[in-house]
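Subject: Structure handover

Hello,

Here is the structure for your files. My notes follow below it.

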Amino acid sequence: LTRPHLSIENKPTRDFLSLVLDDKEDIFYHSLKIEYYGNVHQIQKSWNNYFKPNLSGMAKELEVILTHHLQLAHSFREAFGKGNEHYDTESLTVDSIEHENNYPRMIDILVWATRDILIWFLENDPFYGMLLVQKWSNSQIPLLKRIAVYGISETHMMNSDEKLEWFLKQDWIFKLGRREETIKLLKNAYPEASKNIKEKVIQK
């Protein structure tokens with residue numbers, strides 16, 4: 001139900017010349033639309049009431065499914081020039097990894113569920129959780145990279161210097177933009193970081 005599928009619509013448009021000449025013939029262009037079979041509110045309710053409380057028995061299986069669905073949705077956008085390693089039109093519309101809004105779309109549910117799984121692993125199997133952070137940070141998917149940044153801000157396996165060193169190594173300060181999880185990581189880690197690391201952040 002959360003697997004994305006591609007819908008392509010032919011929509012009429014009028015170019016400048018046809019408007020000037022009052023040409024009645026429409027010119028069609030292809031409009032990309034990513035759709036999901038499931039109902040957003042039912043999926044959200046099922047996640048919060050059944051899946052999330054029982055992650056201990058299905059976290060790894062659900063992670064594989066959710067990661068694949070986010071990758072698939074990104075590959076559709078990339079094929080139509082709406083996304084690449086650093087840019088994704090869908091990522092631009094997801095305001096927060098951490099905070100949920102009152103009017104979610106399916107992409108929001110996918111992101112929040114993936115976040116919940118990462119947090120569960122960081123709390124219950126932190127080594128595997130860090131493996132997920134590494135996998136997603138090395139992916140070509142901006143949304144997965146953002147979830148990885150959020151995971152770094154939440155993990156207790158790294159001190160402030162290590163978190164900032166990791167973030168600087170990714171070279172994402174400008175590529176990911178001023179996203180909420182990026183600001184949170186810098187805001188929480190910077191005050192407790194060493195002078196040397198603070199200087200590296202400022203120079204960046």
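**Notes on the model**

Ile43 is buried at a relative accessible area of 15% (buried means under 20%, exposed over 50%, partly exposed in between, with a 1.4 Å probe and protein chains only). This is a predicted model, in which local features need pLDDT of at least 70 and side-chain atom pairs count only at pLDDT 80 or more, while totals for chains, interfaces and linings use all residues. Numbering starts from 1 along each chain as its sequence is written, and side-chain values use heavy atoms, with hydrogens and water left out.

Ile43 sits in helix α2, residues 40-51 (helices are DSSP runs of H or I with at least four residues, numbered from the N terminus). Leaving aside residues up to four places away in sequence, Ile43 touches Leu1, Thr2, Gly38, Met106 and Ile109; contact means heavy atoms within 4.5 Å. Between Ile43 and Thr2 the C-alpha to C-alpha distance is 8.1 Å, with 41 residues separating them in sequence.

Tyr50 is also placed in α2, but Tyr50 is partly exposed, at 47% relative accessibility.

The other item is a helix pair. The axes of α5 (residues 106-124) and α6 (residues 126-137) come within 5 Å and cross at roughly 140 degrees. Axes are lines fitted to C-alpha atoms over the stretch in contact, and angles run from 0 to 180 degrees between N-to-C directions. The two helices, α5 and α6, are therefore oblique to each other (under 35 degrees is roughly parallel, over 145 roughly antiparallel, 65 to 115 roughly perpendicular, the rest oblique).

Regards
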